[in-house]
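Open the model in your viewer and keep the selection tool at hand. This tour goes stop by stop.

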Amino acid sequence: MRLNTGLGATAGLLATALVLAACGSDDDGGGSAGGDPSQNADATEVTLTITDNAIAGGKNSEGAAWITDYVIPEFTAMQEAKGVDVTIEFEENGVDDEDYKTKIALDLQSGAGGDIISIDGIWTGEFAEAGYIAPLTDIAGDAVEEWDGWEQIPEAVQQAMTFDDQAYGIPVGTDGRVIYFNKELFAQAGLPEDWQPTSWEEILEAARALKQLDGVTPLQVNAGVPMGEATTMQGFLPLLAGTGEQIWADDTWTGATDGVTEVLDFYGQVYGEEELGDPLLQQEAQGRDTSFQLFASGQVGMLIEGDYFWRSVINPDEGIAPMANRDEVVGWAKIPAREPGAGLNGQDFVSMSGGTGRVINPNTEFPQQAWELLTFMNSPEAFEAMISIGGARITPRDDVNAEALAGDPLMSFIAEEVLPITAYRPALALYPQVSVALQNATAAVASGTSAEDAATAYQSELEGIVGDDGSIAD
Amino acid sequence: MTVRAALGVVGRYVFAGFVFVFFALPLLWLLSAPFDTAPSVQVSLPDFTLENFRTLWDNPYAMRSLGNSVLIAAGTMAITLVLAALASYALSRVRIPGRDTLLYLLLLLSSIVTGTAAMVPTFLLMTELGLIDRQLGVVLVLTGGLLPTAIFILKDFMDSTPRSYEESARVFGASSLQILRHVVVPIARPGLATIAVWAVVQVWGNFLVPFILLRSPDRQPAAVVMFTFYTEGGQPNLALISTFSLLFSIPVVLMYLFVNRRYGFRFHGGIKR
Amino acid sequence: MTTVPSPTDVDPAGPAPTGAGAGRARIDDGDAAGLGRWRATGFVAPALLVVAVFLVFPAIWTLYLGLTNWRLTGLAAAEPEFVGTENYTDALSDPAFRNSLLLTLAFVFFSAIVGQSILGFALAWTARRLRPAVRSVLETVVLLAWIIPASVVAFLWLALLDRREGTLNALLGTDGTAWLLEYPMQSIIVFNIWNGTAFSMLLFSSALASVPPSQFETARMAGAGTFATLRDVVLPNIRGHILTNTLLITLWTFNVFAPYLITAGGPQGRTEILGIYIYRVALRDGALGEGAALSLIMIIINLIVASVYLRLLRERRP
């Protein structure tokens, strides 16, 4: 009896589940292009929610402090002066980026979620394709085009939040990658304090000189799968840019080209017989953390990283691998192309950048007010407040960068010297899988496979991901 | 004491010593890192400081999250224990064809629900039920996941308790619930204690369910807050993580010691006479 | 515990055989408490309701998703397509999956069935006759290994096995040994024994506690040694618990994910057990549909393993 009832109930639930699952995609905002931009435009009582991967006392705590201490009170006061009663709620998260992404994707899929949501620029493509986010003009209308902030944000930086030539959000920040080096070790190895290599060969030469020192790993260029996206962003892609190629160009993915093989060959020289890098470190699950610790304790000579490394890792005050003498000991240099002029667009030096941004939830009840809040958060005053709360950051706005970064030599170096030559990843839904394929290729080379074989294996893995219907260039 | 018995005692303590070292060795890091100003992934004499504890004390969510963990764990444990005791007792005493198979199938299904793929249906279900951002929702989802295992384990204990007491109690006119409460539960106590500890441990470390289902950090349990002690680049802040882990472990250990003493696994024979 | 054994202590028919075997004739079906079908249903209903809504429903939905190419983001999130058994054939034809399955079987066998069960039982057995204070300390330290969340446990083991300044290398004088790269599988097996033994210990402690003391007394008076006591008194009494324990830890160990934080599945996939493989497919590669399909494959493997256990335990029954 009881069992029968149980089974009956189960069958009923199963049927409901199937029906729900089947129609889930139809009514869950799939492909929704935003509602009516003028909806609630004249409302006098407005509630807006900001969702960010920041939390007081934890991850990105400065960002959280900026929102609670500056954005919310200032914006509320501004609106009050206009006779609008705004309540802003702040949904703090502060967890691993992938977990955060899962959570906001669930929110957006179910038609819920904050009105303004921070996302990594690299998610723009997959979120847009899923219909979770919409072009800003579809949500907030003409006001978007009229915003005066756009002209302060370089085209390349805007690309981070752009998909199919439409802006889905406003960039919040950007970064750039350089080679950090330890000046003390350089002096011991007879290398100049103002070192600036102009080719890959000069990097290798410096590494060979450092190799003579006892207990020093000359070069850390991220390789392998455990380092994840750090391998692609801090290793493979800047090197690839140094061969004049990009991973996605002219609507095709880059297969086993000459450039890809050259990059893998560089990895082979670093992690091969000469052991200019530590191949085992690349296989360790916490290898990246360890490489930071080793650099901080003077056991790594050169390391390729973004400004994040300077701000949050070896920062003597709040870093996780603090270097008390960071300002005296740590030098930096631009990443050279394979040889002068061989880089992307014929450049001598290259870099890669990522960026985060904020989007407006297409399901917002108050599109105009959300847009207003979004532009407020991207106003020069807001960025200045952010820097005064959280320390120097590279903002997307040229006007802010010019003034606010003056106090920090590395940050202004990146803003002035690196951003003009940098490149961005394609914000496409397939990119994360291609990135994993690149990581696999570097892992193979770092553990002894030849560059050609690794390139071939990469090519076939790439075909498995994007298909071999001519969308791969080789 | 015979030689053989003496050897037995020595053997026992040598074994206990080895096991102790095996289990304690990795834990050393938890004793050094929280008191270090800049801990790394190695055990060393700390550059002593209590600053990490102060930082956590000042953190707006850290201490509160421990309270949330206790609340969620206690709620889940209580509901699981009561429902599982009722169900396993009935399943143990009344013959239902196919009950063991059904139970095992439920057990297997519970392993799906721990995965990420199931998080999406769960999330949408909880949205429909209006249980998002409520700790009750977390408790119910966790309870649903724990119940099959709890019933599965408890049924073993119910099966191995003698029925004669129940018959006597019935003769004296006790109701089924009274029999369960005053006769069966005391006998099955070691089993219930196991389930209680097991349930708390499962809930205590669970990150994904509360993270997905709760919105405000005020309500998040410690397992979620633990993950906020990373940098924007995903590097762990070992000073805070190790310190918080230490604090995080204390309530469960206390609970275990309490349950152990009070309801103990220590009865010599579950049947108290 | 110096009470006189009452005649009701020993069930006349001997301890009730238990376990997950279906449809076997058994003597525990006597409705001693006079529950009756309807009241029994009432007792089971609340649990069943919670399980149906919060477990069966999402689980079946997930299994349905396993028949689609659904992803959390991207085009396949907006319009998932029904792909039938494609996820299953994809998974089964992936050499990485087969590699992962073999690794998992070894992992489950050595770390759970051999490691956790035996160590857990030995601990439960030994601890009964240790001084209470010693016993508490020992049990607490075993329990700590179980309750500390995986994210922290990973750091503990990295500190233990670190190549440069790990505790183990310092103790053994094996400086520079990269345990996690040279002995990856052995490392995560030992790790999992460390991590999971507490459950077996708890369960067996409780099980031993429910063995009627009079039976131990009888065995002692008959002059039975430890081995004979285990075989003749303990084993028949806790057979059901052994089966339960083995079934549960097998199922859980199939799902174990914590080693990912220690080895990231590497080097070169040498520790990519199923839990990690599914994580890679479902989250890193974003194929949630395929991840759901893999869950079902894993369940079927568990069903097979469980039927083997049942057979083994049934055959040994006198």
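Here are the stops, with what to select at each one.

This is a predicted model, in which local features need pLDDT of at least 70, side-chain atom pairs count only at pLDDT 80 or more, and totals for chains, interfaces and linings use all residues. Residues are numbered from 1 along each chain as its sequence is written, while chains are lettered from A and ligands numbered from 1 in the order in which they are written.

**Stop 1: a helix of chain B**

Select residues 3–24 of chain B, helix H1. Helices (H or I, at least four residues) and strands (E, at least two) are DSSP runs, numbered from the N terminus. The expected span of a helix is 1.5 Å times one less than its number of residues. Is H1(B) largely buried or in the open? Two of its 22 residues are buried, so H1(B) lies largely in the open. Buried means that 20 or more other C-beta atoms, placed from the backbone, lie within 10 Å of the residue's own.

**Stop 2: the domains of chain B**

Select 1–49, then 60–262: these are domain 1 and domain 2 of chain B. The bounds come from an automatic or database domain assignment. Their centres, taken over C-alpha atoms, are 30 Å apart. Eight residues of domain 1 are in contact with six residues of domain 2. Contact means C-beta atoms, placed from the backbone, within 7 Å.

**Stop 3: where chain B meets chain C**

Show both chains. The contact takes 100 residues from chain B and 98 residues from chain C. Helix H7 (residues 135–159) of chain B gives the largest share of the chain B side, 14 residues.

Now select C:Ala47. Which residues of chain B does C:Ala47 touch? Among them are B:Leu83, B:Ala84, B:Leu147 and B:Ile151.

C:Ala47 is also in the largest nonpolar core, which has 336 residues. Such a core is a set of buried Ala, Val, Leu, Ile, Met, Phe, Trp, Tyr and Cys residues joined through C-beta atoms within 7 Å. B:Ala84, B:Val200 and C:Ala47 have the most contacts inside this core. Helix H1 (residues 36–65) of chain C gives the most to the core, with 17 residues.

**Stop 4: a sheet in chain A**

Select E9, E10 and E17 of chain A: in that order, these three strands form an open sheet with mixed pairing. Strands pair if DSSP finds at least two bridges between them. The edge strands are E9 (248–249) and E17 (472–473). E10 (residues 252–254) and E17(A) pair in the parallel sense over two bridges. Finish at A:Thr254, whose bridge partner in E17(A) is A:Ala473.

Key:
Buried ≥ 20, exposed ≤ 12 C-beta atoms within 10 Å, placed from the backbone. Contact = placed C-beta atoms within 7 Å. Lists of a residue's contacts leave out its neighbours within four places in sequence.
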